[in-house]
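Student: I am new to this structure. Please take me closely through one part of it, the place where the two chains meet, and then through some residues worth a look.

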2 protein chains.
Amino acid sequence: MARIALDAMGGDHAPQAPVAGALDALAELDAAHSIQLVGRRAVIEEHLASLAGSSSHLRRVDIVDAPDVIEMTDKPTAVRGKPNSSMMVGLRLQSDGRSDAFVSAGNTGAQMAASMLALRLHAGLKRPAIATIFPTAKRSVVVLDSGANVDCSADELVQFARLGVVYAEDILGRRNPAVALLSIGEEPEKGNMVTKEAHALLAESGMRFLGNCEGRDLPAGTCHHGDLDVVVCDGFVGNVVLKFYEAVAPLMIRLLVKEGMPEESIRKALRSLDYSEHGGAPLLGVKGVSIICHGRSSPAAIKNALKVAVQAVDSRMNDHIGRRLGAAAEVLGEKT
Amino acid sequence: MARIALDAMGGDHAPQAPVAGALDALAELDAAHSIQLVGRRAVIEEHLASLAGSSSHLRRVDIVDAPDVIEMTDKPTAVRGKPNSSMMVGLRLQSDGRSDAFVSAGNTGAQMAASMLALRLHAGLKRPAIATIFPTAKRSVVVLDSGANVDCSADELVQFARLGVVYAEDILGRRNPAVALLSIGEEPEKGNMVTKEAHALLAESGMRFLGNCEGRDLPAGTCHHGDLDVVVCDGFVGNVVLKFYEAVAPLMIRLLVKEGMPEESIRKALRSLDYSEHGGAPLLGVKGVSIICHGRSSPAAIKNALKVAVQAVDSRMNDHIGRRLGAAAEVLGEKT
């Protein structure tokens, strides 16, 4: 049984997309799960009424009033000045024990700041990481960090790997997930200073570390050393590649349509590359569940993010992260 | 009139691909240009004979004997131990004034080392940069560095911009090319430590600096601040994105073919994304012309690289680079 708080005011198409996504999710989710729509009550009620009719799912929806809104243009620090924003109210539900997860398509930087403020980080972490699912020619791959951290240390890259492994196990159902380090050559000595140091640390981390992978291995889903489950990188590189990936499919579709090929068939063929199918990127490392959706999320994207949130709660991902980070810290403590 | 030395032994398909590419290039190039095939004389003669028949272009081909070969698996330092390799002999032709440019599809690291050894760097540079052409939805964009340097300083990023501007002018024919800095947000304060510092330096560099661009702007060829000509980044990021780009089109083609779409039409539509059309990546910063081709270059790719080499010679790109770096150094000298 999971209670998922959804930011009804977050995203380019809010509140329409979140409210519609919530109703779609309830239609597909087990009846034990419920959704808390957080935001301006009157606006939410109006959208619910227009969308739901007399839907039987409505009894699994609560409205939690939050008068303020974090705008897309607000600085992350704005969350401190807006304690009654839908983002802060939604996350506080979780820290108060009245909710199990939070989902938003609002301002990403603000969601990170608010999540750290309301949920706090697991012991030993300096920053959370954003884990993104990359569709590939094989099965999907977790790439992290995809934008929460820049100028990462080698230790931080190792922590990203630990977070990614739990995510791959609990959400993607992978057993003993394989970790690779994104670099510019498959040999350990290829890379920059941080990746070379991280390579050595990962090799001794106890995780199933494959070695370095390269940019070309991401679309392939496999590298010289084996199939990928988790790919670790600095958030600068991860963010550049993620945004590049998001933009390259539309370019290709346009070129194909221009050449007279049927758009519908193209979209069908490339559906597996569609981000909205993958349901948001969790902010890993906070003590709780906070799922970041793209600002331009459709109802389908919100629905999928809500399902990922349920999976995260049901699998007890957060407990597993805490335990794994704790165990790693103990091993380190014994060593020193 | 350009005399281009071509490494006949370099690349996965050597010597067949280089020799065939040379003959194809001569058929298309103005009769004033000639090619020097550098490598094992007997092998080259054999391939020339089988390919050329009684081609009238043969009088514009010289064979320059070089008994040794740098293997793809050799370390860059191997060039010192193989002074009679096709790579070193081909580059020495240029430093001796007997050739105007060098093209190879061989070992990239070795070509960089050999080029620095034989041609030396322009004053004030610490390392050369690899400039790669990215096909985009608009016109093509020069991205550098795409793999020669990691852990770059802000000053080095500014130098890459100067090199890229000359390349965009002389090879792509752009007037007053626009420079953008690859980062993770369009605002100056977005990025890592080095990009933030580089942003400030670029803004005062005298170049037409647009500001930051993001990963999504690369396939688009345009960013929030305007259309792109030159995009500057650290060689780690550049290499990851370049290899990603090379791999993502084949993935999409496979998905489309699987859905029953005709492969020939797909390839025709995506032809503008084909790297072989763009003819190699120049190593900028050395005093001379050294063009790096992909290891798996086809004859068409080699042909196009040879044409880029001719353009670089004809436009006096190398002189322009020297002059621009010199002028920048003078301005800096006056400031301090």
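Tutor: Start with one definition. A residue is buried under 20% relative accessible area, exposed over 50%, and partly exposed in between. Keep in mind that this is a predicted model.

Now apply those cut-offs. His225(B) has a relative accessibility of 32%, so His225(B) counts as partly exposed. Ser183(B) has a relative accessible area of 1%, so Ser183(B) is buried. We will come back to both.

Turn to the interface. On chain B, 45 residues are in contact with 45 residues of chain A. The size of an interface is often given as the accessible area lost when the parts come together. Here the area buried between chain B and chain A is about 4100 Å². Carbon and sulfur atoms give 78% of that area.

The rule finds 6 salt bridges across the interface of chain B and chain A. Lys75(B) forms a salt bridge with Glu189(A). Their closest N and O atoms are 3.4 Å apart. Across the interface of chain B and chain A there are also 10 residue pairs in polar contact, with both residues at pLDDT 80 or more.

Which helices build the chain B side? Helix 7 (193-203), helix 8 (217-220), helix 9 (235-258) and helix 10 (263-269) of chain B each supply at least two residues of the side that touches chain A. Helix 9 of chain B gives the most, with 16 residues. By class, the side of chain B that touches chain A has 27 nonpolar, 9 polar and 9 charged residues.

Back to Ser183(B). Find this residue in the loop between strand 8 (178-182) and helix 7 of chain B. Ser183(B) is then in contact with residues of both chains. From chain A come Phe236(A) and Val240(A). From chain B come Lys190(B), Gly191(B), Thr195(B), Asn212(B), Cys213(B), Glu214(B) and Gly215(B).

Next, His225(B). This residue lies in the loop between strand 10 (222-223) and strand 11 (226-227) of chain B. Beyond its neighbours within four places in sequence, His225(B) is in contact with Glu186(B), Leu210(B), Gly211(B) and Asn212(B). One of these contacts can be followed to the atoms. A polar atom of the His225(B) side chain lies 3.2 Å from the backbone oxygen of Glu186(B). Now look along the chain to Asp274(B), 49 residues from His225(B). The two C-alpha atoms are separated by 27 Å.

Another residue of chain B to find is Asp170(B), in helix 6 (residues 154-170). Asp170(B) is buried yet has no salt bridge. The nearest side chain of opposite charge belongs to Arg324(B), 7.6 Å away. A salt bridge needs the charged atoms within 4 Å. Asp170(B) does have a polar partner: a contact of 2.7 Å joins its side chain to that of His320(B). Leaving aside neighbours within four places in sequence, Asp170(B) is also in contact with Gln311(B), Ser315(B), Arg316(B) and Met317(B).

End on chain A, with Asp74(A). Its place is the loop between strand 3 (61-65) and helix 3 (78-81) of chain A. The Asp74(A) side chain reaches the backbone nitrogen of Glu71(A) at 2.9 Å. Not counting residues up to four places away in sequence, Asp74(A) touches Val69(A), Lys82(A) and Asn107(A). Asn107(A) is 33 residues from Asp74(A) in sequence, and their C-alpha atoms are 7.6 Å apart.

Methods. Residues are numbered from 1 along each chain as its sequence is written. Chains are lettered from A and ligands numbered from 1 in the order in which they are written. This is a predicted model: local features need pLDDT of at least 70, side-chain atom pairs count only at pLDDT 80 or more; totals for chains, interfaces and linings use all residues. Side-chain values use heavy atoms; hydrogens and water are left out. Helices (H or I, at least four residues) and strands (E, at least two) are DSSP runs, numbered from the N terminus. Buried means under 20% relative accessible area, exposed over 50%, partly exposed in between (1.4 Å probe, protein chains only). Lys and Arg count as positive and Asp and Glu as negative; His and the chain ends are not counted. A polar contact is a pair of N or O atoms within 3.5 Å; within protein, one must be able to donate a hydrogen and the other to accept it, and residues adjacent in sequence count only if both atoms are side-chain atoms. Contact means heavy atoms within 4.5 Å. Buried area is the accessible area (1.4 Å probe) that two parts lose on being put together, summed over both. Ala, Val, Leu, Ile, Met, Phe, Trp, Tyr, Cys and Pro count as nonpolar, Asp, Glu, Lys and Arg as charged, and the others, Gly among them, as polar.
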